[in-house]
Amino acid sequence: MSILPELERRFRRALAPVEEDPDPLLAMIRRSQDPKFGDYQANFAMALGKKLGRDPRQLAAEVAGRLSVDGFCQPPEVAGPGFINLRVRDDWIVDQLTAAIGDERLGVPAVAEPKTYVVDFSAPNVAKPMHVGHIRSTSIGDALARTLRFAGHRVVTDNHIGDWGTQFGMIIYGYRNFCDGEAYGQNPVGELSRLYQLVRRLIDYHAGKTRLAPLAEKLAGLESRLAEMHAEAAAEGKTGDKRVKKAIHRQQKDIDEAREELGELRAKLEAVEQDPELSKLAAEHPRIGQSVLGETSRLHAGDEENRRLWREFLPPCLAALGATYKRLGVAFDHTLGESFYHQRLRPIVEELIAAGIARESDGAVGIFFEGQDAPMLIRKKDGAFLYATTDLATLRYRVEAWQPDAILYVVDFRQSLHFENLFAAARRMGYERLELKHVSFGTVLGEDGRPFKTREGDAVGLESLLDEAVARARKIVEENDDAKPGGAELSPSQRARIAETVGIAALKYADLSQNRDSDYVFSYDKMLAMNGNTATYMQYAYARVRSIFAKGGVDAEALRASRPPIFLNTPAERDLALELLRFGEAVDYCLKDYRPNQLTSYLFELANCYSTFFENCPVLKAETPELRQSRLVLCDLTARTIQKGLGLLGIDVVEKM
């Protein structure tokens, strides 16, 4: 049983006579910040008193009088202006922990009313290497899917990969014009990736040349206007006016941004022009952008040769993605890419037109929303379909195939408007009762505070991130093993296996421990630290428990089967026991708004509680055999909870570090 949900259930009954909608008040029941005020505190009396025009303290006493907590908590105490303080009974804590000893779920009940969730996450483009940006969607989506399943829900994971469209037009064009046959034979994915990047660079070069003059003209206009603003302020004697200074500051900021954009564009153009091979290819393929669109159109129209090439390219690309996912420990129930929905696009557009949901405008077809100038286009003037069309067809398929109660889209924040429109369109299609949630997330930044990129300006490849994290973890593992008092304990193969587990765990945990809405700065040193809120610290806490069992020759299974009595004789023991019972709360908080960092925060607090317990409560050398067994149980429950919690995050533990 989880403490907070149980308190909320009991307070709901106590609040019923004075409040019809108690949910906002129940949200004000929290853990006490100071142990002298008990374990939990209900702080709703002030808000409720204001609403009802009654004295908060008197109201709190009335609610506390109706609150039934016998056998669960000590009698509630009303303090200050109306705080209701509660202390959980020690015998109840012991009973719950004793029940958890033999429970695979560690006392966390499954939901009473399971739902069906579709979780859409990762979604890389097939023909391009996964990069640092994919770690967030992949880690967050996998963690949510695992946690929803643990909670008792039915979960369908779907990797909506980009295996169609313009990127394949680019690869087909590159294959026909620039392919190195020998390289393709030896490493098809590497060569296809090179071709994609080459074609992309040539397209960007020609597009950049077109943008150069207008951008320079824009900058000149901004600078001219700034000069006018200074002159006007001087002529009118307003150089010290706050509003004028603010307007000048904004204008200067626009100039700085335009100047930076122009500088970056010139640098990219010069990089191509100063490279003899690239410069030659750019001159030989001046209409490469239009040619790529032509290849894409032929692919979509069913051109036999383009379809053959697409079918040839796809398997090795999917195999490469599969290898990365295997390394990350991530699996999907379905991998239905954009190509799967190609034949469904025309019918969905015709259906939406017939239903009056979409209409034609200037030759294109779109869905119009009040307050927005531009519609959500679902068919272009030339008849081509868009991402929005595919997403609507995907939504329709998922509803028909899996009958979900909710669909979660784990996609970065830059797609917020797209999903706002998609969900509005879905409601018009009749899906009012379906929960549609954009689980958005921020950007991974470098030390300079900008999106994390290579020196060449490309997004950092995910495989290189994994390799570097594992290499650094290997160094830490070796140093720690070599420094052990009795000498190194791990074989080279054990070191390699532990380094792989620790390195990848560090990468995933560093991402999951962030508020998903926030950007965060990528740092190997921080994510692999042996202290602080890191996977390495959690894995070390787990390994420390296992080392106690190994050192004492303790059989964990036999210990669990014996169910020895648990004693809470010291504050450290009680604090750890209470924290263990909060695991269910952490799962609930994680799923309330789909935030895995709620679970990482709990694990960090649990590990800290265990550290305090470890320092203050001898285990193998406890004063009595009974106390030794009790503390071994607390250690075992801690290790199992850390293992289960990390498992919900898609992270493995190691027995030794």
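Arg560 belongs to helix 21, which spans residues 556–562; helices (H or I, at least four residues) and strands (E, at least two) are DSSP runs, numbered from the N terminus. This is a predicted model, in which local features need pLDDT of at least 70, side-chain atom pairs count only at pLDDT 80 or more, and totals for chains, interfaces and linings use all residues. Residues are numbered from 1 along each chain as its sequence is written, and side-chain values use heavy atoms, with hydrogens and water left out.

The relative accessible area of Arg560 is 18%, so this residue is buried (buried means under 20% relative accessible area, exposed over 50%, and partly exposed in between, with a 1.4 Å probe and protein chains only). When neighbours within four places in sequence are set aside, Arg560 is in contact with Ile101, Arg546, Asp636 and Arg640, where contact means heavy atoms within 4.5 Å.

## Charges over rings

The charged end of Arg546 sits over the ring of Phe549, at 5.5 Å from its centre. Arg544 lies over the face of Phe614, and here the distance to the ring centre is 4.5 Å. The term applies if NZ of Lys or CZ of Arg is within 6 Å of the ring centre and within 35 degrees of the ring normal.

## Aromatic pairs

A pair of aromatic rings is described by the distance of the centres and the angle of the planes. Rings of Phe, Tyr and Trp (its six-membered ring) pair if their centres lie within 6.5 Å; planes under 30 degrees apart count as stacked, over 60 as edge-to-face and the rest as tilted. The whole structure contains 22 aromatic pairs. In one of them, the ring centres of Tyr341 and Tyr397 are 5.9 Å apart and the planes are at 75°, so the pair is edge-to-face. This pair links distant parts of the chain, 56 residues apart: Tyr341 is in the loop between helix 13 (304–328) and helix 14 (345–354), and Tyr397 is in helix 15 (residues 387–402).

Tyr397 also pairs with Trp402: the centres are 5.8 Å apart and the planes are at 85°, so this pair is edge-to-face. Ring pairs join Phe340, Tyr341, Tyr397 and Trp402 into a cluster. Within it, Tyr341 is buried at a relative accessible area of 0%, and Trp402 is buried at 7%.

## A buried leucine and an exposed glutamate

Leu202 is placed in helix 9 (residues 188–235) and is buried, at 1% relative accessibility. Beyond neighbours within four places in sequence, Leu202 is in contact with Phe178, Leu278, Leu281, Ala282 and Ile288.

Glu360 lies in strand 7 (residues 359–361) and is exposed, at 56% relative accessibility.
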